Amino acid sequence: MKIVEVLTEPVRTGFFADDQAAIRAGAEHDGFTYAGSPVTPGFSAIRQAGEALSVMLLLEDGSVAHGDCAAVQYSGAGGRDPVFSAAAARRDIEEHLTPLLAGAELGSFRELAARVDAGRSATGPLHTAVRYGVTQAVLDAVAQSRRLTIAEVVRDEYATGVDLRPVPMFAQTGDDRYGNAEKMILKQVDVLPHGLINNVDTKLGRQGELLEEYLRWLVERISRLRPVSGYLPRLHFDTYGTVGLAFGGDVDAVARYLARLGDIAAPHELVIEHPIDAGDRQSQIETYVRLRAALNRIGSPVKIVVDEWCNTLEDIEMFVDQGAADVIHVKTPDLGGINNTIEALLLVRDRGLVAYCGGTCNETDRSAQISAQVAMACGAGQVLAKPGMGVDEGLMIVGNEMARVTAIAAARRAGQPVLP
């Protein structure tokens with residue numbers, strides 16, 4: 001089976017692109033948007049509509065495979081590529097990737113994806129979002145050519161050795177920390193609430209008191225609202241480096257604070273994402289090694305999730321090798337080709353850490369579906385409910401995709417001739 005033609009079309013994302021540096025510097029809400037001027041190059045406003053580009057591969061049997069180029073909400077932060085432009089991506093694909101793909105035989109996904117991921121322009125590697133979306137389309141095309149699900153192709157080509165079944169979902173509240181958290185409890189979400197703790201004064205507190213207060217409320221509401229008595233979700237907060245800011249970068253003080261949060265969270269497991277931003281990759285690794293050691297001395301079971309400065313497959317290998325986290329957020333658009341996401345999830349899983357197949361609210365339904373299948377095939381520890389804030393649309397898109405793939409895989413095991 002060959003690819004006959006490559007089509008691209010700008011589409012909508014599930015959320016917005018935000019200038020994280022401006023928000024952390026104290027930009028105030030103006031309704032849904034923010035007042036003031038952006039700080040990060042490439043942004044026209046602190047909050048702007050997200051852009052995506054759908055990539056469609058026309059196959060010689062008349063079928064169409066597709067994937068979506070999309071970037072993270074906080075582009076340009078933590079060593080990431082700049083804010084994504086669908087128009088620029090379209091030009092890059094036409095110039096640099098269409099000649100590679102048009103007429104290509106659909107054999108090994110791994111081989112063709114590696115060629116796409118190596119694509120370059122005159123200024124360097126193609127934007128991570130471009131490589132992310134195009135390799136999604138290639139993966140879908142290979143799956144269609146074999147009459148298999150995407151998850152089955154990944155499982156088989158990478159010999160992951162898993163039974164295809166749903167993995168735990170992680171939803172995010174956005175700024176509606178209370179109403180959306182209650183939705184999650186009623187829907188028995190596996191991991192919650194994310195919390196969007198991205199400002200010291202308004203969300204964390206100068207001594208961390210605002211997050212403590214919210215955590216107490218959350219534990220009480222879970223106990224009161226849970227539909228079944230055995231429901232005990234993992235509590236996962238993304239703090240965007242604010243804990244380090246509040247405690248002046250003092251690693252021991254941060255550890256004592258996180259341990260206190262762990263006590264409040266009990267009996268729930270507590271994981272904290274990006275408590276400190278050390279400013280560059282090596283400093284981040286060294287700081288998180290020290291933080292984990294400090295938590296261990298205290299005897300706290302709180303787990304640390306790495307996000308910022310851990311963007312590429314190479315970055316992930318370094319954080320894993322140096323023991324700088326308990327959970328690795330494999331932030332799918334940041335890794336470029338979806339083949340890198342697969343490699344990263346398997347690396348983390350095989351080293352005994354929690355492989356979090358994440359991403360961002362600023363993705364699309366298509367990238368979410370493909371991420372869900374990849375998470376299943378790699379035996380990830382959790383997968384992000386996306387796009388959007390995940391409580392309604394993301395849970396539905398990711399959860400339903402995993403349910404369908406599970407049903408197909410079960411039918412095949414039973415010997416039924418099921419086509420995806």
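These are my notebook entries on what I looked up in this predicted model.

**Ground rules**

I number residues from 1 along each chain as its sequence is written, and side-chain values use heavy atoms, with hydrogens and water left out. Because the model is predicted, local features need pLDDT of at least 70 and side-chain atom pairs count only at pLDDT 80 or more, while totals for chains, interfaces and linings use all residues.

**Entry 1: the whole chain**

I started with the overall fold and found 15 helices and 15 strands. Both are DSSP runs, numbered from the N terminus: helices are H or I with at least four residues, strands are E with at least two. Along the principal axes, the C-alpha atoms fill a box of roughly 60 × 50 × 40 Å.

I then looked up the radius of gyration, which is taken over C-alpha atoms; the globule rule is 2.2 Å times the number of residues to the power 0.38. For 420 residues a compact globule would come out near 22 Å, and the chain has 21 Å, so the two agree.

Of the 420 residues, 58% are buried. Here buried means under 20% relative accessible area, exposed means over 50%, and partly exposed lies in between (1.4 Å probe, protein chains only). I also checked contacts, meaning heavy atoms within 4.5 Å. Among contacts with a separation of 6 or more, 73% come from residues 24 or more positions apart.

UniProt, in an unreviewed entry, places "domain: Methylaspartate ammonia-lyase N-terminal" at residues 1-158. UniProt positions follow the numbering used here, feature names are shortened, and annotations may be inferred rather than shown by experiment. Over residues 1-158 I read 36% helix and 28% strand, with the end C-alpha atoms 21 Å apart.

Which side chain makes a polar contact with that of Arg-47? I found Asp-18, at 2.7 Å. A polar contact is a pair of N or O atoms within 3.5 Å; within protein, one must be able to donate a hydrogen and the other to accept it, and residues adjacent in sequence count only if both atoms are side-chain atoms. Leaving out residues up to four places away in sequence, Arg-47 also touches others, including Phe-15, Phe-32, Tyr-34 and Gln-73.

**Entry 2: Gln-20**

Next I went to helix α1 (residues 20-24), which holds Gln-20. Gln-20 is buried at 5% relative accessibility. Its side chain makes a polar contact of 3.5 Å with the side chain of Glu-308. Beyond neighbours within four places in sequence, I also see Gln-20 touching Tyr-74, Ala-77 and Tyr-240.

**Entry 3: the cores**

I looked for nonpolar cores, each a set of buried Ala, Val, Leu, Ile, Met, Phe, Trp, Tyr and Cys residues joined through side-chain atoms within 4.5 Å. The largest has 117 residues, and Leu-57, Phe-109, Leu-235, Phe-237, Leu-258 and Ile-328 touch the most other members. Helix α4 (residues 128-146) gives the most to this core, with 10 residues. Another core, of 9 residues, lies apart from the largest one and includes Ala-22, Ile-46, Ala-77 and Tyr-240.

**Entry 4: cysteines**

How many disulfides does a search of the whole structure find? The search finds 0, taking a disulfide as a pair of cysteine sulfur atoms within 2.5 Å. The sulfur of Cys-310 has its closest cysteine sulfur in Cys-357, 14 Å away, so they are too far apart for a bond. Cys-378 is in no disulfide either, with the sulfur of Cys-357 nearest at 7.5 Å. Cys-310 is buried at 1% relative accessibility, and Cys-378 is buried at 0%.

UniProt (unreviewed entry) puts an "active site" at Lys-331. I located Lys-331 in the loop between β13 (327-330) and α13 (338-350). Is Lys-331 buried or exposed? Lys-331 counts as buried, at 9% relative accessibility. Setting aside residues up to four places away in sequence, Lys-331 touches Val-72, Arg-80, Asp-307 and Gly-359.

Last, I looked at helix α12 (residues 313-321), where Asp-315, Ile-316, Met-318, Phe-319 and Val-320 are buried. The buried residues of α12 pack against α11 (281-298), β12 (303-306), β13 and α13. After α12 comes Gly-323, with a positive phi near 65°.
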